[in-house]
Each structure stands twice: as structure tokens, then as C-alpha cells.
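Subject: Structure handover

Hello,

Here is the structure I promised to pass on. Please open it first, then read my notes below.

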Amino acid sequence: MSDVTPGQSPFESPVFDVVRKILWIAAPYTLIAAAWQVAATIFPPFLFPSLIDVFQRVFVILTTWSQFSSVLSTAMRILGGLAGAFVLAAVLGVAIANFRVADRLLTPTLTFFQGIPALSWVVFAIIWFHGVEFRILFIMVMTTLPAFTFQVVGAIRGMDKDLSEMVLSFRPTRWKYFTSMMLPAVLPEMITAWKVNLGNASRVVVVAELVGSSGGVGFQLLQQQQLFDMAGALAWTLQLVFFVLLFQWVLAQLERMAFSYRAVSERH
Amino acid sequence: MENAMTVETASAPTSTEVEIGFHNVSKRFGSLTAVDNLSLEIEKGQLVALLGKTGCGKSTMFNMIAGLTSPTEGTVEVMGRNPFEHFDWYRGKMAIVFQNDRLLPWRNAVSNVELGLEMLGLSAEERRERAIYWLHKLGLKGHEDDYPHALSGGMRQRVSISRAFATDAELILCDEPFSALDEMTSKRLRTEFARLVRENGKTAVFITHSIQEAFDIADRIVVLKRPAEIAHDLKMSAEFDQADHARLKEMILKSLS
């Protein structure tokens, strides 16, 4: 049973469309892998190990609990740090958007914090705190808080004033106004904020683990550097990349579900 | 012309219940006077058109009735209370149809109509039932689950009218609700709107800059000149013919020019 109707070119069939989409998704990754493999044939293995070696190491990490738990702990640190920063940012963002005093005090403070490099927060955390997990949580929150807060403020201030006035005309309670107007209106920008901060957070957590932790992907990368093991370093890096891609995909699915009401233009 | 002049009414009713009262109201924005010492009373059950040119202060009057702004001087009373100070008291008692439909894009038609009912704490079943009743009454059967982007301008404004009537509010405020629609759709919708107001015994204040629109729907036309001073207060009658309308139109245009 063919999907191709008589008179239709096989290149216009739905099956070919799916194949073409898959090929386009795979194309950039294939290109990176090919470039790496070419380098592996030219340079010695300690600089550019073959992809087979790298994927063997990836497989070992995924199937060995003691190693995979490091990946999970890094993932949990990223999500925990982002969630903590987001909750705090939501409170600060609402305050800044609604109260002039909060705006005057907090906006310059957060702008000042934004100028402090992630590595400085790592050093401060090591000096100030003893517990590893709290240190990492602190670093994650401090490095992502300003961006999250400014995104919340921007989303609240960018709410459609006409729609807001319309909802207010029905005299809602504060909670009802929040659930029927504010939350749906700011949701698109919040998902974008998570997407942007996820990338930042995955970089910061590795630095934090590299310097101040005895576990996680960052710590494992430090081990590989000391062993001068490029295949291992690449395999651990790929774990983090896989996690970011997976979470980005989850966010994209959420976005697709939440915004299915939006009109889609037929012309791209 | 003589006939037309006899429709001028005193703005203070004597025996009927007053729904909206402006008592020596002025509103200033810095050096700009939007409303100047205005006194006006609107009776319960009236469909009143506030007619005036752009910038004459009719939207300021509208915002004062809706409780969105307060007068600089004088008092505004709606159902015997100050709408600015007792803002929440009007929950379920006042509904607004805006110039543009202002439908929430993330809600389908029926959910948009349910919005006002949610504020009243009705059960989900009752909300749905009422919302569907009003959508069908406004001719939107089969479009209950459509999102705003899938509806035409006229259909969206019908949803917005359904949203206002669904709350069963005593007072309906309309801010040039049909001005963005084509003439045919606008005429059809305003006829329907006026019928619904009368059928359901509502009081309605309708802001417009179109003389024809005011003739088509209103029991009473309050003509405003700048800054929101009453130029004419006209009681309309179904018995007026085209010649009467032409004379009234001429008189209104003359006072607005």
C-alpha cells in the first residue's frame, strides 16, 4: 500500500516529507560528526579520539549507575537552580513592575549583580558556604536571577493594556486576575526565559562543579582533564548537551501545547 | 424643525429611578478640561447615546461611569454609589462592550464569554450553559470552540456582546463598539444590540460619534460639545420619520460645528 497517489511524484508524498524533515534535523549533527572523524584520522587519538571510542564511553556512562548518577545530579542541580531563581525572580519581578520603590532599589542592584562573572560567584560561594549543594544552588540562583527577573518585569510590563482593562472591568479578585490575565499573558515570555537560562545554567553548573564539587559532570570533566582523556571529556560533555537538548525539547512541546490557539501563517 | 425641538428634554427626571447621575462634574488633566461642570441623569431602562466629536470628553465620562477614573470636582453616582470608590461592588452589575472586541486570544469563544461569569463564582456547568445560550442568541452556533483569530471582526464583536450580556449586568456600557466594522455588519449588530437591551430590561450607555448610529438605537441622545458640555438632550421616538431625522441631524451638526 503506497502513500503515493497516481500521477503524484514520489518526492511529493507524505513519507518523503517525513524523511526530508528527519534528514534536515540530522544534517548539522552529521556534519559536526564528519568533521570530527576527519580530524580523528589526521591528529593523534589523545587530541581527536575516534567517534567510536567517544560513543563507547557515552554508552558506559549511560549504563553504569555510579557514572550516570553524576549526570543526574548535574541535571537536578540545573533544574533546582533554575526553579529557585525563577520563583525568586517572579516575586522580585512582580514587585518591580508594580512598585516604584522596588523598581528604584532592585533594578540597579540586579544590574550590578549581572556584571559579576559566574566564576566570581563560585569563589564567593566557596569562601562563604560549607555545603557543596548549597554552594551550587547559590551560584546558580545568583547567576540566573537578574536575567530571569528582567524577563519577568518585561513580560508584565508588556501585557496588553486593553485586555488587562477588559478583565479588570469585570472586577476580578487579585487571584482571578492573576490566573485569567497575567499568567496566560506572560507565559510565552516565561518559556523563552527558561530556554535562554537553561543554556546559561548548564555552563555555570559545570564551572561550579569543576571548582567546588566532588561529583557531577563538571567534577568528571576535571578528572578527564587530569587523566588527559579526550574521549572521556567529550563523552561527559555530550551527556550535558543531551540533557540540554532533551529539556529544550520538553519546553518546545509545552510551548506547542500551551500556544496551540495561535494562528499560523500559511506563508513562511 | 419645530417638531425636532420639542424632543429636547430636561436632564433631571422626576418620578423614575435614576441609574446614573453626574452632579456638577468636572474633570481636568493638567491644564486640559475634558468635562466642565456637567450635570446629567440617566434613568433605569434607558438606552442613551452620548454623541460627540472626537476629544469632546465622552470617553472620560464613560471612564467615570465605569469607575476607571474619578472626577476632579463634583460627584458621579451609579446605582446610588460612587463607582470609583466602590469599584468591586459593581461586580456582575456593570458590563462593558469596548471599541475593539478585546477577546483573550488564548481562550476560545465560549471561554471568552465565560470570563465575566467566572468572576461571579458560578459553577462550571452553569457558566458553560449561559455562555452557549448567549453565543447562540447572537448567531454564533457552531463557533463555540473557535479561537478569536479564526473569527471575523463581526463575529468577534458578537462574542464580546455575548460576554457582556451573559453576566446579566443591570448596566451595559458601550464605547463605540461597532465603529471598526463595515457599515452593513455594524447596522445589523447595533439593531440586535438595541433589541437585546430592550428585551432584557437593561440600562445602556452607548458612546458614539455617528449620528446615524445614535438614531438607530437610542431612546435618548445626549449631544456633547467640547469640553463635555451638553449641547442637546434629545428624547427619541419610533414615530420619527426620515424628515424628522434629517432636521435633527442638521441641528446636531450645527451645534457640533
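A term first: a residue is buried if 20 or more other C-beta atoms lie within 10 Å of its own, exposed if 12 or fewer, and partly exposed in between, with C-beta atoms placed from the backbone.

This is a predicted model, in which local features need pLDDT of at least 70, side-chain atom pairs count only at pLDDT 80 or more, and totals for chains, interfaces and linings use all residues. Residues are numbered from 1 along each chain as its sequence is written, while chains are lettered from A and ligands numbered from 1 in the order in which they are written.

Most residues other than glycine have a negative phi. B:Arg102 has a positive phi, near 50°. B:Arg102 counts as buried because it has 22 C-beta neighbours inside 10 Å. Its place is the loop between strand 5 (94–97) and helix 3 of chain B. Helices (H or I, at least four residues) and strands (E, at least two) are DSSP runs, numbered from the N terminus. B:Glu176 also has a positive phi, near 45°. It sits in the loop between strand 6 (171–175) and helix 6 (183–199) of chain B. B:Glu176 is partly exposed, because 19 other C-beta atoms lie within 10 Å.

Next, the contact between the chains. Chain B puts in 18 residues and chain A 12. Contact here means C-beta atoms, placed from the backbone, within 7 Å. On the chain B side, helix 3 (residues 109–119) gives the most, with four residues.

Now the core. The largest nonpolar core has 113 residues. Such a core is a set of buried Ala, Val, Leu, Ile, Met, Phe, Trp, Tyr and Cys residues joined through C-beta atoms within 7 Å. A:Ile139, B:Ile65, B:Ile172, B:Leu173 and B:Phe206 touch the most other members. Helix 6 (residues 132–157) of chain A gives this core the most, with 11 residues. Leaving aside neighbours within four places in sequence, B:Ile172 has contacts that include B:Ala95, B:Val97 and B:Ala204.

Last, helix 8 (residues 174–212) of chain A. A kink of about 45° lies at A:Leu187, shortly before A:Pro188. The bend is the angle between axes fitted to the seven residues ending there and the seven starting there.

Best wishes

Note on methods: Contact = placed C-beta atoms within 7 Å.
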